[in-house]
Amino acid sequence: MLIRQELKAVIEAILFVRSEAVSVEEIARVTGASREDILTVLTELSLEYNERKSGIEIVSGDAGFLMCTRPEYHEYVRDFGATQAERLSQGVLETLAIIAYRQPITRAEVEAIRGVRADRALQSLQKRGLIREVGRKDAPGRPVMYGTTDEFLKLFGLTSLQDLPAVLEEGNE
Amino acid sequence: MGYSVKLDNYEGPLDLLLKLIEQNQVDIYDIPIASITDQYLAALETMDEVDLDLLADFLLMAATLINIKTRLLLPRPRVEETGEDEEDPRHYLVNRLVEYRNFKALARMLEQKYEGRLPRVYFREPWEQEPQRELHATLPQLVQAFKSVWFQKDDTEIPVRIPEGDIDINEKMQVIEESCRKRRHLTLQELFAGATSRREALVLFLALLELIRLGRVTAVQSEPFGVISIMKTRSRQNAD
């Protein structure tokens, strides 16, 4: 059985090697520690990082915990070359924005907002793994509803959906 | 007023309308419908080649504008009880424009996050475990591997015959790509393990060949007669 300090180090090491979210269950499997202990240690670790303004922070999502860079230093990381080279077309971006803020949302609802058909943009977003089908709407035809994926958050440097830039005022500028 | 606008520069009718409102520097809540409609129609006429769906959307908006213009010309009856004017015929359109404009702004912000012009976090890039001695699998090797799976499949085939739906290659391509995304090392055997019938295995194989042809996945065999792994090709393909 690992002592607390070791458990912390092991979790840190595990988070370090993985580029995807690590679930508490996965950590429990290799460390044999309890869920509660793991969560406590993760919180402690995350606080330590925050206290000393580390270049790394630990964020959590539905899938688990993962490391990312602290937003304060984003310019340096960007200039270092972490920026995406590919460009998203305007139509695809608009469609993605609508889905991100209004999820779960059907194709027809997206189209109503943009005033143009959305099937191609949806297809392209789905192919890239930025959106996925999250269910069906309880409406005639039971249309598919879409939502964003973890891949979306990662690509746009968001730690969670709450991290989306604030919605503008409906109505006045 | 002769603005020359190119329709294919616009995402759609709402985008074009917003642009016209901006160019005319008019209040979005008090759009001079008559002049905006004229400009909108003039823009439609300059259209060379727009795909049919988009054209339909542009025309629908033209009809909406003309409808609003007509209703504005008629005297508006007062609603008896409240003494208030009937709703402004532009109201619905204005709401849609404002909503769309908001989303355009949000899309711009997302783009800035994406490009790192707004504070954001960066995640570790998934590192590809390149095999030590890389040896790209050749087609005969793939076929050989497929055969071995194919003959194994025979034993595991479900005894009950269930009417088979159509197995779609595109769907299987997505399945393969999805599996590659989830697992860094997907072997050919693992890929076929899930197939419940020869038919499905065959479609999976065709889907795999197609993905390799398109350069979306790579098949790698690290030693002759070794296990063939399938991995996602690091792509820079565009969204469109």
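Chains A and B meet in a contact that takes 44 residues from chain A and 37 residues from chain B. Bear in mind as you look around that this is a predicted model. On the side of chain B that touches chain A, three helices each supply at least two residues: H1 (13-24), H3 (52-73) and H4 (91-115). The most comes from H4(B), which gives 15 residues. Sorted by class, this side of chain B has 19 nonpolar, 14 charged and four polar residues.

Now to a sheet in chain A. Three strands form an open sheet in the order E3-E5-E4, and their pairing is antiparallel. Which strands stand at the edges? They are E3 (105-106) and E4 (131-136) of chain A; each has a single partner strand, so one side of each is left without a neighbour in the sheet. Strand E5 (residues 144-148) of chain A runs antiparallel to E4(A), and five bridges join the two.

Among the buried residues are A:Gly91, A:Glu94 and A:Thr95, along with A:Val92, A:Leu93 and A:Leu96. A:Ala97, A:Ile98, A:Ile99 and A:Ala100 of H5(A) are buried too.

The axes of H6 (residues 169-182) and H8 (residues 198-213) of chain B come within 8 Å and cross at roughly 70°. An angle of 65 to 115 degrees counts as roughly perpendicular, so H6(B) is roughly perpendicular to H8(B). The residues that make the contact are set out by helix below.

| Helix | Residues in the contact |
|---|---|
| H6(B) | B:Ile169, B:Lys172, B:Met173, B:Ile176, B:Glu177 |
| H8(B) | B:Val203, B:Leu204, B:Leu206, B:Ala207, B:Leu208, B:Glu210, B:Leu211 |

What classes of residue make up the contact of H6(B) with H8(B)? Nine are nonpolar and three are charged, with no polar residues.

Note on methods:
Residues are numbered from 1 along each chain as its sequence is written. Chains are lettered from A and ligands numbered from 1 in the order in which they are written. This is a predicted model: local features need pLDDT of at least 70, side-chain atom pairs count only at pLDDT 80 or more; totals for chains, interfaces and linings use all residues. Two residues are in contact if their C-beta atoms, placed from the backbone, lie within 7 Å. Helices (H or I, at least four residues) and strands (E, at least two) are DSSP runs, numbered from the N terminus. Ala, Val, Leu, Ile, Met, Phe, Trp, Tyr, Cys and Pro count as nonpolar, Asp, Glu, Lys and Arg as charged, and the others, Gly among them, as polar. Two strands pair if DSSP finds at least two bridges between them. A residue is buried if 20 or more other C-beta atoms lie within 10 Å of its own, exposed if 12 or fewer, and partly exposed in between; C-beta atoms are placed from the backbone. Axes are lines fitted to C-alpha atoms, for helices over the stretch in contact, and angles run from 0 to 180 degrees between N-to-C directions. Angles under 35 degrees count as roughly parallel, over 145 as roughly antiparallel, 65 to 115 as roughly perpendicular and the rest as oblique.
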